[in-house]
Amino acid sequence: MDGNASLGKKGFSRSRSHFADRITADGRDGWPVEAGRYRLVVSLACPWASRALVVRRLLGLEDALSLAVTDPIQDDRSWRFTLDPDGRDPVLGIRYLAEAYDAREKDSPGGVSVPAIVDVPSGRLVTNDYQQLTLDLETEWTALHRPGAPDLYPEPLRDEIDDVMEEIYQDVNNGVYRAGFATKQSEYDAAYGDVFGRLDIVSRRLSGQRYLVGDTITEADVRLFTTLVRFDAVYHGHFKCNRNKLTEDPVLWAYARDLFQTPGFGDTVDFDHIKRHYYQVHTGINPTGIVPLGPDPSGWAAPHGRERLGGRPFGDGTPPSPR
């Protein structure tokens, strides 16, 4: 786990996704959309992977795109399938996600990351492009969506959604990591300012509307949610983003609870995996590996009152079936 131990001891920069092939309806990259052909590999701890989990569930792609869940605790070969019998993924037959990466390209740059989609017949990684992956599930996999699936990336609103997502990515999604893994006070100060400056802007935006763009849930809400749901559990303390807790911003706390209580969001969250991964893997900034017992997650079930703002969570669609 040398790579994890080094976090907080050297400058942080997020790697670009090295494998950016796309799975499309026309198969132009050589990977056509096909039910049952691909396997989505995630960690329940990872916010980037959690985006794919939420979108997969909202769109009803569970039968078309199978799911592998890794152990939240990595070793020196990164993500591993130790939660499965005999420590092997039952579909791919591998112990480490790195084996699918190696089957595609030996010693590839950028490390082994999730989310990842693997081609089951060949055992080769297809993509680890977390920014594009969910957009393709929304726009290229439409033939396999469930009846009543929401449009999470509506064409008339895409420019606005893209702008909002980019600001949130730079300042919030990635900003908390820049703060947490900073090695200089100036780096931390800048990232801290970006995180809370953007959250203040988003809070004002959401004070008068239920969702970030338009009157329905979109990809923008998915991307903000996966950071907010981790905020008090790990980012506030572990990453030193401690100006205030999420629970201390009435607008953002109500917004996050609204989404958490929406089918497809809270039912994909595992606070145990989240806390154990961050506190036990990032030994560079938490050398003791002690996992805090709090915060109490019961507040996520409290009434949020956001219905007063109107909005239609699934637009003309319907919620996914209860689990």
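## A helix that comes up short

The expected span of a helix is 1.5 Å times one less than its number of residues. Keep that in mind for helix H5, residues 158-173 of this predicted model. H5 has 16 residues, and a straight helix would reach 22 Å at 1.5 Å a residue. Yet the end C-alpha atoms of H5 are only 19 Å apart.

Which residues of H5 are buried? Ile-161, Val-164, Met-165, Ile-168, Tyr-169, Asp-171, Val-172 and Asn-173 are. Their cover includes helices H2 (47-59), H4 (130-139), H6 (175-180), H7 and H8 (219-235).

## Two helices crossing

Two packed helices are described by the angle between their axes and the distance between the axes. For H7 (residues 185-206) and H9 (residues 250-260), the angle is about 70° and the axes lie 8 Å apart. That makes H7 roughly perpendicular to H9.

Where do they meet? On the H7 side you'll find Leu-199, Val-202, Ser-203 and Leu-206, and on the H9 side Val-251, Leu-252 and Tyr-255. Sort the residues of this contact by type and you get six nonpolar, one polar and no charged.

## The nonpolar core

Now for the largest nonpolar core, which has 89 residues. Leu-97, Leu-212, Leu-224 and Phe-231 have the most contacts inside this core. Among the contributors, H8 gives the most, with 10 residues.

Take a look at Leu-97 in your structure. Leaving aside residues up to four places away in sequence, Leu-97 touches Val-41, Trp-79, Phe-81, Val-112, Ser-113, Val-114, Ala-116 and Val-118.

Key
Residues are numbered from 1 along each chain as its sequence is written. This is a predicted model: local features need pLDDT of at least 70, side-chain atom pairs count only at pLDDT 80 or more; totals for chains, interfaces and linings use all residues. Side-chain values use heavy atoms; hydrogens and water are left out. Axes are lines fitted to C-alpha atoms, for helices over the stretch in contact, and angles run from 0 to 180 degrees between N-to-C directions. Helices (H or I, at least four residues) and strands (E, at least two) are DSSP runs, numbered from the N terminus. Angles under 35 degrees count as roughly parallel, over 145 as roughly antiparallel, 65 to 115 as roughly perpendicular and the rest as oblique. Contact means heavy atoms within 4.5 Å. Ala, Val, Leu, Ile, Met, Phe, Trp, Tyr, Cys and Pro count as nonpolar, Asp, Glu, Lys and Arg as charged, and the others, Gly among them, as polar. Buried means under 20% relative accessible area, exposed over 50%, partly exposed in between (1.4 Å probe, protein chains only). A nonpolar core is a set of buried Ala, Val, Leu, Ile, Met, Phe, Trp, Tyr and Cys residues joined through side-chain atoms within 4.5 Å.
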